[in-house]
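I opened a new notebook page for this protein. My plan is to go from the whole chain down to single residues.

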Amino acid sequence: MIECLSIDEIISKINAEETFHAVATDYSLTLKIDDYVHYACGAVHDGHQFRKELWDNCLHTDYERWYEEDPETKNMVISHPIIIAGCDSRFEYDLNRGPDDAVFDTAWGKKLWRKPLSDEMKQKSLQKHHNFYKVVHALISKLEAKFGLCIVYDMHSYNWKRWDREVPTWNLGTSNVDNDRFGEDIELWRQDLSELNFPHEIKSTAKINDTFFGNGYFLKYITKNFQNTLVLATEIAKVYCDEYDYVIYPEVVAAVEEHLRNRLPEHAARFYKKHAR
């Protein structure tokens with residue numbers, strides 16, 4: 001059962017180590033906790049909601065917003081015990097950017113608004129950004145306190161067809177994590193991803209810092225505030241959809257989910273065995 005809870009109620013349940021499925025009362029985020037384990041999954045760009053009072057002022061179409069979002073990234077990790085995900089489009093506010101630049105004026109080279117947003121409009125969005133990170137902070141605090149360490153799988157996707165060179169199916173961005181401490185864990189995750197058997201003879205190649213470098217605010221926020229948590233910024237090329245025709249391939253999403261259902265907890269277990277004191 002999914003409960004509709006305030007941010008304070010969600011945090012209270014985390015602090016009490018309750019298991020629950022919740023959507024925030026403003027429908028900006030979801031959090032599922034089936035068990036308190038030493039790893040969590042995040043899908044900050046999964047959302048596509050775009051509040052109605054912004055529609056007429058927005059110059060980007062529904063498709064243009066979808067194209068730059070990360071659809072299905074929550075579903076790729078849906079079987080895992082702890083998942084936090086954004087419900088709103090990054091075009092309203094970007095959870096992977098800091099509060100100072102989370103609300104865009106332009107997006108991917110195109111002006112976003114017909115008229116500049118009022119301070120009131122911006123604050124509505126930034127409050128949801130603030131609330132998301134209140135929940136993140138409470139969640140990682142609980143996991144670090146309970147287990148001594150934590151690993152977060154930060155799921156994203158990217159538009160591979162816009163590149164003018166061959167790019168990997170998977171990219172890990174690691175420029176803002178402790179590679180000396182966690183380099184072996186990063187390499188093992190890269191290897192796990194490279195072994196996924198996709199349908200339709202889609203290749204599964206995995207590289208580190210090839211297309212993106214792990215500069216997102218979600219990773220940076222957790223890494224800055226928690227000394228014993230590794231965030232793995234994990235980008236899948238959008239081989240699971242047609243990014244130009246606006247079509248999702250559910251059989252490819254299912255193949256990714258099935259692979260991660262097994263490999264992700266195995267990787268997290270190796271991480272814990274190596275680093276737990």
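I began with contacts along the protein chain. I took those between residues at least 6 apart in sequence, and 76% of them join residues at least 24 apart. I note here that the model is predicted.

**Entry: the whole chain**

I counted secondary structure next. The protein chain has six helices and 13 strands. I then checked the radius of gyration, which is 18 Å. The globule rule gives 19 Å for 277 residues, so the chain is as compact as a globular protein of that length. I also boxed the C-alpha atoms along the principal axes. The box is roughly 55 × 45 × 35 Å.

**Entry: inside and surface**

How many of the 277 residues count as buried? I found 54%.

The protein chain carries 34 positive and 46 negative charges.

**Entry: helix α3**

I followed helix α3 from residue 119 to residue 147. Helix α3 has 29 residues. From first C-alpha to last, I get 41 Å, close to the 42 Å expected at 1.5 Å a residue. I then stepped past the end of the helix. Glycine 148 follows α3, and its phi is positive, near 85°.

Asparagine 131 has its place in α3. Is asparagine 131 buried or exposed? Its relative accessible area is 11%, and buried means under 20%, so asparagine 131 is buried. I listed its contacts, leaving out residues up to four places away in sequence. Asparagine 131 touches Ile7 and Asp26.

**Entry: isoleucine 208**

I moved on to a strand. Isoleucine 208 lies in β10, which covers residues 206-208. I looked up its relative accessible area and got 33%. That value falls between the 20% and 50% cut-offs, so isoleucine 208 is partly exposed.

Which residues does isoleucine 208 touch, not counting those up to four places away in sequence? I wrote down Asn171, Leu172, Thr174, Ile186, Glu187 and Arg190.

My last look-up was a distance. Isoleucine 208 and threonine 234 are 26 residues apart along the chain. Their C-alpha atoms are separated by 9.5 Å.

Key:
Residues are numbered from 1 along each chain as its sequence is written. This is a predicted model: local features need pLDDT of at least 70, side-chain atom pairs count only at pLDDT 80 or more; totals for chains, interfaces and linings use all residues. Side-chain values use heavy atoms; hydrogens and water are left out. Helices (H or I, at least four residues) and strands (E, at least two) are DSSP runs, numbered from the N terminus. The radius of gyration is taken over C-alpha atoms; the globule rule is 2.2 Å times the number of residues to the power 0.38. Buried means under 20% relative accessible area, exposed over 50%, partly exposed in between (1.4 Å probe, protein chains only). Contact means heavy atoms within 4.5 Å. Lys and Arg count as positive and Asp and Glu as negative; His and the chain ends are not counted. The place of a charge is taken as NZ of Lys, CZ of Arg, CG of Asp or CD of Glu. The expected span of a helix is 1.5 Å times one less than its number of residues.
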